[in-house]
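Welcome, and thanks for taking a look. Please have the sequence and the 3D view at hand while you read.

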Amino acid sequence: MTLRREENVWIPESDLEGMSVDTLAVRAGQIRTGELEHSDPIFPTSSFVYGSAAQAAARFGGEEPGNIYSRFTNPTVQAFEGRIAAMEGGERAVATASGMAAILSTCMALLKAGDHVVCSRGVFGTTNVLFQKYMAKFGVETSFVSLTNMDEWTQAVRAETRMLFIETPSNPLCEVADMKALATLAHDNDALFVVDNCFCTPVLQRPLEHGADIIIHSATKYLDGQGRCVGGVVVGPNALMDEVYGFLRSAGPTMSPLTPGCS
Ligand SMILES: Cc1ncc(COP(=O)(O)O)c(C=O)c1O
C-alpha cells in the first residue's frame, strides 16, 4: 500500500477494487494525518482554521475544497461515509445524527408539497409517524400498502407519486420485498425507490444491485452492532446525495465525529 498526500492528510492508495466487504469495512474511506496513525483518527472539533483570509473566503465560497465547520464536513465522519458508500456500492454516502434523521433528510431534500409517497405498512413505527404526521403537515401525502402485495403497490401509485419507501426485511415482522419489481414500478412512474437496509447491512444485502436509488441506514442497529451509538446514513448517486447533503448542511442533523462506531 502506498500513501498519496492531499493537503495535510494522507490517502492510502491501496486498490480496493474487487475487495470483499470485510476488507472494505476496515479499509475503505480511510484517511491518515501526517502522524501516519494505524487506526482512524477522531477529530473532535467544531471548526477548522485557514492559512489566510483569502483561503477562508475561497472555502466558504465553494471555490476551494476543504473543511470549514463540522456541521458541513468532518474527516472522521467522512471516513465513515466513504466506507459505507464502498460497502453499499454507491457513489456517495451522507452520515446523519440518527436513522430517523437519515429518513427525514432524504424526504426534506427530495420531496416537495404536493408530492405523494407509497410506503410499506410494516415499517419501523417512527417512520410511519414521520410520514403520517410530519410530512403530511408539509403537504406530502403517504399511502400505506402491504410490503409483499404488488397489486396494492400498483394501485396506490398516482401521477404525483415521487417515492416508494420500504424496509426489507421489515422491522419487526421480517417481511421480505421483491425489490426488482418495486424498482421497476418506481422507475416506470418517475419515482425514487428508497430502501431502509438497516436489518441486513451491506454485509448481507446491497439494495442498489436490486434497483434501489437510495439506501437508508439506522447505524444505531446492526451497522454498529454493539449498541454504543445513535447514527444514520443515506447512500446513493452523487446528484441525489448532493441534495441530501445540502439539507443536512442547512438544517444540521449531521453525525458527530464522537459517535462510537463511526471511526
Ligand atoms: C428499520 C429501522 N429504520 C430506522 C430506524 C430509526 O433509527 P434511529 O433509532 O437510529 O433513529 C430504526 C430504529 O429502530 C429501524 O429499526
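## Two packed helices

A crossing counts as left-handed if the near helix is turned anticlockwise from the far one by less than a right angle, and as right-handed if clockwise. By that rule, helix 4 passes helix 5 in a right-handed crossing. Helices here are DSSP runs of H or I with at least four residues, numbered from the N terminus. This is a predicted model, in which local features need pLDDT of at least 70 and side-chain atom pairs count only at pLDDT 80 or more, while totals for chains, interfaces and linings use all residues. Residues are numbered from 1 along each chain as its sequence is written, and side-chain values use heavy atoms, leaving out hydrogens and water.

Helix 4 (residues 99-110) packs against helix 5 (residues 125-137) at about 35 degrees, and their axes are 10 Å apart. Axes are lines fitted to C-alpha atoms over the stretch in contact, with angles from 0 to 180 degrees between N-to-C directions. Where do they meet? Helix 4 brings Met100, Ile103, Leu104, Cys107 and Met108 to Thr126, Thr127, Leu130, Phe131 and Met135 of helix 5; contact means heavy atoms within 4.5 Å.

## Around the ligand

Among the residues surrounding the ligand are Gly99, Met100, Ser218 and Lys221 (each with a heavy atom within 4 Å of it). A polar side-chain atom of Ser218 lies 2.8 Å from a ligand oxygen, and a side-chain N or O atom of Lys221 is 2.4 Å from one.

How values were computed. Helix = DSSP H or I, 4+ residues; strand = E, 2+ residues; numbered from the N terminus. Polar contact = N/O pair within 3.5 Å; in protein donor to acceptor, adjacent residues only side chain to side chain.
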